[in-house]
Amino acid sequence: MEKTTVSRTGLTFMGTGGAWSVPEYGCPCKICQTMEARGQYRRRSALLWQGSETLLLDCGPDICRQLWDYRVPKPDAVFLSHEHGDHFLGLDELLSFRRCLPKKEFSLIPLYATEETFKAVETRFGYLIGSVFEKRIIHPGEPAGGLKTTVIPFKTYHGDFAPGSVGLMVEDQGRRLCYTSDFSSLPDWPSFLFEPDTLVIQSYWLHEPVVNRPNHLSFQNAVPYIRKWKAKTVYLTHLSDQDCVPGDPANDMMKKVPPKSPLTPPDSSVPYPVPTCQEEWEEVAGKAARDYGLESSVHVAFDGLNIDPT
């Protein structure tokens with residue numbers, strides 16, 4: 001897959017895979033084998049917003065490679081959606097922005113997260129607070145302070161092990177981006193969520209699994225959210241390899257979870273086929289969006305995709 005050169009405006013998807021990236025190392029499943037054969041790789045979560053300011057949304061453990069690939073400038077701020085490792089364990093790599101400057105020229109990078117998320121961050125990276133980052137606590141429903149860009153967190157439910165989980169609404173230069181991060185449900189629906197220009201929503205599985213232990217969103221369960229949000233354009237992200245592909249001997253692996261009741265077209269009982277690569281995901285998501293009469297244009301993000309969300 002060709003990478004798009006990062007522009008100085010818009011949104012860049014630096015990591016669009018699940019917690020273990022896709023393909024997963026050593027995995028013989030149909031999804032991982034197909035993607036590896038096609039040279040398609042999805043690293044861990046990181047998005048780059050470049051508008052009035054440069055904002056890094058999440059900072060997973062692949063951030064060092066992502067900084068190199070996309071030539072990321074020192075961010076004006078970093079936002080963490082929650083306290084799971086695939087969204088914050090790359091923070092130590094941002095120390096390079098301090099190490100590679102003349103003394104006295106470095107200024108602290110504002111780091112925004114909820115109080116609950118900061119508990120995990122400070123346990124692991126307490127030495128970075130005050131040396132690389134300035135701690136700034138955010139509260140759902142309240143705009144983050146100290147920025148030109150308006151960023152409003154909203155509460156999401158991503159299981160009891162992520163009490164600090166939030167999505168982020170970014171408003172800048174007349175553009176509105178809604179980034180949901182990881183979640184399985186929303187406790188409430190604040191009015192500012194509706195009709196964004198761009199909605200970035202996870203699609204961990206195609207079909208909702210019989211047991212949703214990690215509290216992620218499947219594309220099947222994302223369809224009602226997409227319908228309600230009424231974004232102009234939707235990008236699916238945080239895709240995994242955990243759907244069971246019919247006939248794949250690797251379906252008996254621990255990570256594979258069978259579907260509860262597979263997503264089917266409204267006029268058929270035949271499930272949509274499980275995608276094994278980027279092209280198949282685009283085909284299935286586009287067809288399902290048309291079949292269900294979604295007003296939004298639905299696409300599948302990939303690492304390196306750069307868009308201007310207007």
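# Reading a predicted model: burial, contacts and backbone

User: Which residues does serine 165 contact, leaving aside its neighbours within four places in sequence?

Analyst: In this predicted model, serine 165 is in contact with Ser81, His82, Glu83, Lys155, Thr156, His158 and Asp182, once neighbours within four places in sequence are set aside. Serine 165 itself sits in the loop between β7 and β8.

User: Why is serine 165 called buried?

Analyst: The cut-off for buried is under 20% relative accessible area. Serine 165 has a relative accessible area of 0%, so the residue counts as buried.

User: What makes aspartate 172 a buried residue, and where does it lie?

Analyst: Aspartate 172 is part of strand β8, which covers residues 166-172. Its relative accessibility is 4%; buried means under 20%, so aspartate 172 is buried.

User: Which residues touch aspartate 172, and what joins its side chain to that of tryptophan 49?

Analyst: Not counting residues up to four places away in sequence, aspartate 172 touches Trp49, Gly51, Ser52, Glu53 and Thr149. The side chains of aspartate 172 and tryptophan 49 are joined by a polar contact of 3.0 Å. That value falls within the 3.5 Å limit for such a pair. Glutamine 50 is 122 residues from aspartate 172 in sequence, while their C-alpha atoms are 9.6 Å apart in space.

User: How do you know whether threonine 54 is buried or exposed?

Analyst: Threonine 54 has a relative accessible area of 12%. With the limit for buried set at under 20%, threonine 54 is therefore buried. The residue belongs to strand β3, residues 54-57. Leaving aside neighbours within four places in sequence, threonine 54 is in contact with Leu48, Trp49, Pro73, Pro75, Asp76 and Ala77. Its C-alpha atom is separated by 7.8 Å from that of lysine 74, a residue 20 places away along the chain.

User: Why does lysine 255 count as buried?

Analyst: Lysine 255 has 17% relative accessibility, so it counts as buried, given that the limit is under 20%. This lysine lies in the loop between β11 and α7 (278-291).

User: What makes the link between lysine 255 and aspartate 241 a polar contact?

Analyst: The two side chains are joined at 2.5 Å, and the limit for a polar contact is 3.5 Å. Asp241 is also one of the residues that lysine 255 touches; the others are Glu24, Cys27, Cys32 and Gln242, not counting residues up to four places away in sequence.

User: Why is glutamate 195 called exposed, and why is lysine 230 called partly exposed?

Analyst: Exposed means over 50% relative accessible area, and partly exposed lies between that and the 20% limit for buried. Glutamate 195, at 56%, is therefore exposed. Lysine 230, at 43%, is therefore partly exposed.

User: What makes the peptide bond between valine 22 and proline 23 stand out?

Analyst: Most peptide bonds are trans. The bond joining valine 22 and proline 23 is cis, with omega about 0°. Proline 23 is placed in the loop between β1 (10-15) and α1 (30-37).

User: Which residues of α6 are buried, and what covers them?

Analyst: The buried residues of α6 are Phe219, Gln220, Ala222, Val223, Tyr225, Ile226 and Trp229. Their cover includes β7 (150-155), β9, β10, β11, α7 and β12 (297-300).

User: How do you know how the protein chain compares with a compact globule?

Analyst: A compact globule of 310 residues would have a radius of gyration near 19 Å, and the protein chain has 19 Å, so the two agree. The chain holds 7 helices and 13 strands, and 57% of its residues count as buried. Among contacts between residues at least 6 apart in sequence, 67% join residues at least 24 apart.

Terms used. Residues are numbered from 1 along each chain as its sequence is written. This is a predicted model: local features need pLDDT of at least 70, side-chain atom pairs count only at pLDDT 80 or more; totals for chains, interfaces and linings use all residues. Side-chain values use heavy atoms; hydrogens and water are left out. Helices (H or I, at least four residues) and strands (E, at least two) are DSSP runs, numbered from the N terminus. The radius of gyration is taken over C-alpha atoms; the globule rule is 2.2 Å times the number of residues to the power 0.38. Buried means under 20% relative accessible area, exposed over 50%, partly exposed in between (1.4 Å probe, protein chains only). Contact means heavy atoms within 4.5 Å. A polar contact is a pair of N or O atoms within 3.5 Å; within protein, one must be able to donate a hydrogen and the other to accept it, and residues adjacent in sequence count only if both atoms are side-chain atoms.
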